[in-house]
Amino acid sequence: MTLTETRPTTPRAPSSRRAAWHAYVALTARDLHVLRRNLPALLLQVGLQPLLFTFAFAYVMPSIGSGLGGETSFSTILLPGLIASTLTLQSIMSVTGPLAAELGPGREITDRALAPLSLRALGLQKITSSALFGLVSSLVVVPVVRLVHAPGSAPETHVGNWPLLVLTLVLSALLAATLGLLLGTAIDASAFGALLGLLLAAGTMLGCVYYPWTALDSIGWVQIATLANPLVYMSEGLRAALTPSTGHMPAWAYLTALTVGTAALGHLALRRFARRVQG
Amino acid sequence: MDAIRTEGLRKVHPGTPDGRAAVHGLDLTVAQGEFFGLLGANGAGKSTTIGMLTTLVTPTAGRAWVAGREVGADPVGVKSRIGVVSQAGTLDRALTVADNLAFRGRYFGLSAAAARRRAAEVLEQFGLADKARARVHQLSGGQARRVMIGRALMHLPDVLFLDEPTAGVDPRAREDLWRIIRGLYGAGQTVVLTTHHLDEAEALCHRLAVIDHGRLLACDTPEAIKAASGARTVLTVRYDADASPLRDALRRIPGGPHETTVEGPAVRVRTTRPDGLLGHLLRAGADAGLTVRDATTTPPSLQTAFLTLTGRDYTP
């Protein structure tokens with residue numbers, strides 16, 4: 001066995017910045033490769049919860065005369081809310097799932113940490129890949145909500161501003177994945193499952209998924225308290241972009257919250273990640 | 001250019017109770033094309049040293065240069081020039097064996113097509129071509145280790161780090177891995193290997209750093225280390241009762257100088273002339289009414305060198 005015969009194909013180490021960029025792209029390609037292979041299972045797993053939810057609340061309940069949502073059909077309220085909650089759940093889980101194994105006793109993270117990019121760039125790559133997972137997953141919700149509803153109560157969607165919709169989706173996914181990296185590096189893996197379930201349940205119930213934020217006028221303290229929940233800004237942003245007929249938070253408010261939130265939590269999460277990886 | 005150079009490299013792990021350093025001011029130089037070994041018992045500081053050289057552990061003090069780049073100043077530059085096989089199984093479980101190699105190549109700048117070609121080459125080289133489509137969990141311990149070594153070579157690194165490459169594999173797989181590693185060195189690859197097996201260090205490494213409790217005890221070829229430590233045979237005789245009455249008789253054993261120690265029923269003699277020694281010890285015991293229970297002769301080896309360097313038996 002010799003190495004000499006393969007020597008000529010050696011890629012001569014390029015500048016560190018270019019090497020880091022190549023590594024970033026290749027790591028993302030690896031994640032997409034795994035996503036593509038698991039896609040059918042993933043879609044089934046992701047789609048089931050919104051399907052059951054819309055079946056119970058947008059089909060069964062209105063059909064037996066116990067409709068929610070007042071004048072607006074409940075489907076209309078649910079569409080942005082369910083996209084936002086699925087996006088959050090999947091973006092967070094696709095960071096925290098692998099991270100628990102990677103930072104666990106086997107230290108599988110070593111494999112990725114040796115790729116030629118800085119540890120912060122590696123953390124950022126985890127965020128963008130997971131955000132991509134979250135975005136793909138959240139698209140499953142659209143056909144589900146559009147198809148499963150009581151007769152005559154289809155969601156009233158109207159996209160007036162496509163770039164705003166895309167921007168809101170992307171920012172929401174980034175914020176959720178960033179939150180995932182922060183949680184995954186801050187909480188001990190053994191306590192993680194139970195705690196994450198609790199956090200996500202609380203976040204969803206109090207995240208304007210099932211009701212618009214503006215409708216909380218009548219209970220002012222709840223309206224203010226929910227502002228601490230990142231999911232509120234995602235739901236409201238998507239409400240503004242997808243179902244503008246429902247009342248929603250002004251664009252400057254949710255865009256600012258999503259951007260500032262991602263930047264601030266991102267700073268903390270990347271620092272924490274680098275510390276956990278490097279002994 | 002040296003492949004590796006360190007100056008006063010030191011690591012105190014945060015939270016160590018008495019602030020004890022895992023690595024105390026290490027000064028090492030490894031030349032290009034060298035097969036260099038870090039030898040020491042578990043917990044001696046070998047993995048921490050490798051960690052600092054491969055950017056995964058931040059040194060508390062000191063500096064290190066690997067493949068011409070300073071580790072602290074240009075970690076990405078270092079990472080792009082080294083291949084690392086870590087002690088734990090860090091293969092990507094979501095990928096097949098071939099994809100493990102191919103994606104590793106892509107992380108290091110190969111195009112998708114070039115990475116696939118090179119992965120096939122490496123698998124062929126390592127006798128793993130039939131495992132290309134296997135998942136990681138279907139591999140035996142030795143196969144997984146071979147894949148990890150192959151993966152570390154995907155980008156033809158300047159320096160290959162092997163951290164306990166044969167830990168936990170069966171003897172036959174160990175032979176296989178030795179053959180592969182020797183082959184790499186023969187082809188000009190700079191190799192840095194850590195091991196707690198004295199025989200592995202002696203069989204493979206061209207030059208050795210003996211590390212104990214984070215300190216460098218010796219750094220030279222195995223032969224030179226043995227010679228410097230006296231290269232003496234150690235004869236240990238265990239009697240059926242306390243051997244201290246023999247002290248006088250031991251001093252009179254001919255053929256010296258021998259260095260003799262008595263510990264309870266055991267007598268240990270370090271000597272350059274072991275012939276006939278056992279007979280003297282048997283007679284001395286018989287004269288004092290002691291019977292020999294057990295006797296062992298350890299020829300000059302790293303084992304005896306370690307004993308001389310540290311004053312205690314080597315226990316991996």
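**Notebook: chains A and B of a predicted model**

**Entry 1. Chain A, overall.** I read chain A along its sequence and noted the pattern α-α-α-α-α-α-α-α-α-α. The model is predicted, and I keep that in mind for each entry below. My tally for chain A is ten helices and zero strands. I took the extent of chain A along the principal axes, and its C-alpha atoms fill a box of roughly 75 × 40 × 35 Å. I then looked up burial: 46% of the 279 residues of chain A count as buried. For the contacts in chain A with a separation of 6 or more, I found that 83% are accounted for by residues 24 or more positions apart.

**Entry 2. A:Thr72.** I located A:Thr72 in the loop between helix H1 (16–63) and helix H2 (74–102) of chain A.

**Entry 3. Helices H2 and H4 of chain A.** Two packed helices are described by the angle between their axes and the distance between the axes, so I looked up both. The axes of H2(A) and helix H4 (residues 119–139) of chain A come within 8 Å and cross at roughly 140°. I noted the crossing of H2(A) and H4(A) as right-handed. From H2(A), the residues that meet H4(A) are A:Ile83, A:Thr86, A:Leu87, A:Gln90, A:Ser91, A:Ser94 and A:Val95. On the H4(A) side, I listed A:Lys126, A:Ser130, A:Ala131, A:Phe133, A:Gly134, A:Leu135, A:Ser137 and A:Ser138. I sorted the residues of this contact of H2(A) with H4(A) into six nonpolar, eight polar and one charged.

**Entry 4. Chain B, overall.** I counted eleven helices and 14 strands in chain B. The C-alpha atoms of chain B, taken along the principal axes, fill a box of roughly 80 × 45 × 35 Å. Chain B has 316 residues, and buried residues make up 46% of them. I also checked the contacts in chain B between residues at least 6 apart in sequence, of which 67% join residues at least 24 apart. I recorded two domains in chain B, domain 1 (2–227) and domain 2 (232–299). Taken over C-alpha atoms, the centres of these two domains of chain B are separated by 43 Å.

**Entry 5. Contact of chain A with chain B.** How many residues does the contact take from each chain? I noted 34 residues from chain A and 37 residues from chain B. On the side of chain A that touches chain B, the elements that give two or more residues are H1 and helix H3 (109–113) of chain A. H1(A) supplies the largest share of that side, ten residues. I divided the residues of the side of chain A that touches chain B into 17 nonpolar, twelve polar and five charged.

**Entry 6. Confidence.** The model scores ipTM 0.84 and pTM 0.83.

How values were computed:
Residues are numbered from 1 along each chain as its sequence is written. Chains are lettered from A and ligands numbered from 1 in the order in which they are written. This is a predicted model: local features need pLDDT of at least 70, side-chain atom pairs count only at pLDDT 80 or more; totals for chains, interfaces and linings use all residues. Helices (H or I, at least four residues) and strands (E, at least two) are DSSP runs, numbered from the N terminus. A residue is buried if 20 or more other C-beta atoms lie within 10 Å of its own, exposed if 12 or fewer, and partly exposed in between; C-beta atoms are placed from the backbone. Two residues are in contact if their C-beta atoms, placed from the backbone, lie within 7 Å. Domain bounds come from an automatic or database domain assignment. Axes are lines fitted to C-alpha atoms, for helices over the stretch in contact, and angles run from 0 to 180 degrees between N-to-C directions. A crossing is left-handed if the near helix is turned anticlockwise from the far one by less than a right angle, and right-handed if clockwise. Ala, Val, Leu, Ile, Met, Phe, Trp, Tyr, Cys and Pro count as nonpolar, Asp, Glu, Lys and Arg as charged, and the others, Gly among them, as polar.
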